[in-house]
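Here are a few friendly notes to read alongside the structure. Keep the picture open and find each part as you go.

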Amino acid sequence: MISIKKVALGLALSATVIGAKAQKTYTEGTATYGVVTTAGAADSKVLFKGDTSALSFQGGPATVTITSTLKDDYVSVLVDIPVAGKKLIAVASPADLEEMADMIPVYAFTATTETKKIGDYNCTKYIAKDTKTSKTYDLWITKDVNLAANSFTKTYKTVAGTPVQFTYLQPGRGEQLVTLKSISDAKVPAGAFKAPADATNIPWSQLMAMMGGKK
């Protein structure tokens, strides 16, 4: 006969295992996000490892990859245009980085009691207030997983938990509604954050003009 103590112990162990699985920590891998802009909806992928991440998305016939560090002391943009046989890359100078920093929001966060499930994640709503503009945005945070801050989420890194749905303000390109869809812990390929050897370096201002953004 199974004792009540054994049943209780089994349930406790099961809860521990489930909890440990739900709170998996990701420090390297690929995160896939759904992104909604005024131009429509599409998926974007972010490779992340340590303090560096590379955000990739389609821009017409081109694949655009933005590689940056959490401190924003390095930013590069690679535009790969297969139909034209071109790869163009620009690296932001210290002056470019300073200009971009002025456009990056600085948030103050207020937790609410509102909760909902987004995809596989149980989330709590926060209000993110941009202290530069006083505009507010909804931010949905989960503690089901711990995902390292990346290109999309680093402006929210002071909030405990992982951003699942939030507004991403890309300098010069407006507001984007971003939703975390999946995470893979597959190793980031060697050299993923380096410029391809066959890419042509061009000035930052030239690339920004091509992409329709500010210098």
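1. Start at a turn. Strands β8 and β9 make a hairpin, with two residues between them. Look for Gly119 in that turn: its phi is positive, about 60°. Please remember as you look that this is a predicted model.

2. β8 covers residues 107–118 and β9 covers residues 121–130. They run antiparallel, and nine bridges join them. Which residue is the bridge partner of Ile118 in β9? It is Tyr121.

3. Next, look at what else β9 pairs with. Strand β10, residues 136–142, pairs with β9 through seven bridges, again in the antiparallel sense. β9 is therefore joined to β8 as well as to β10, by the rule that two strands pair if at least two bridges are found between them.

4. For a landmark in the pairing, find Lys129, which stands opposite Thr136 in β10.

5. Finally, step back to the whole protein. How many helices and strands are there in the protein? There are three helices and 14 strands. The protein has 215 residues, and 38% of them count as buried.

6. Taking contacts between residues at least 6 apart in sequence, 49% join residues at least 24 apart. The accessible surface is about 12,100 Å², and carbon and sulfur atoms account for 58% of that surface.

Note on methods. Residues are numbered from 1 along each chain as its sequence is written. This is a predicted model: local features need pLDDT of at least 70, side-chain atom pairs count only at pLDDT 80 or more; totals for chains, interfaces and linings use all residues. Side-chain values use heavy atoms; hydrogens and water are left out. Helices (H or I, at least four residues) and strands (E, at least two) are DSSP runs, numbered from the N terminus. Buried means under 20% relative accessible area, exposed over 50%, partly exposed in between (1.4 Å probe, protein chains only). Contact means heavy atoms within 4.5 Å. Accessible areas come from the Shrake-Rupley method with a 1.4 Å probe; for residues, only the protein chains shown count as cover.
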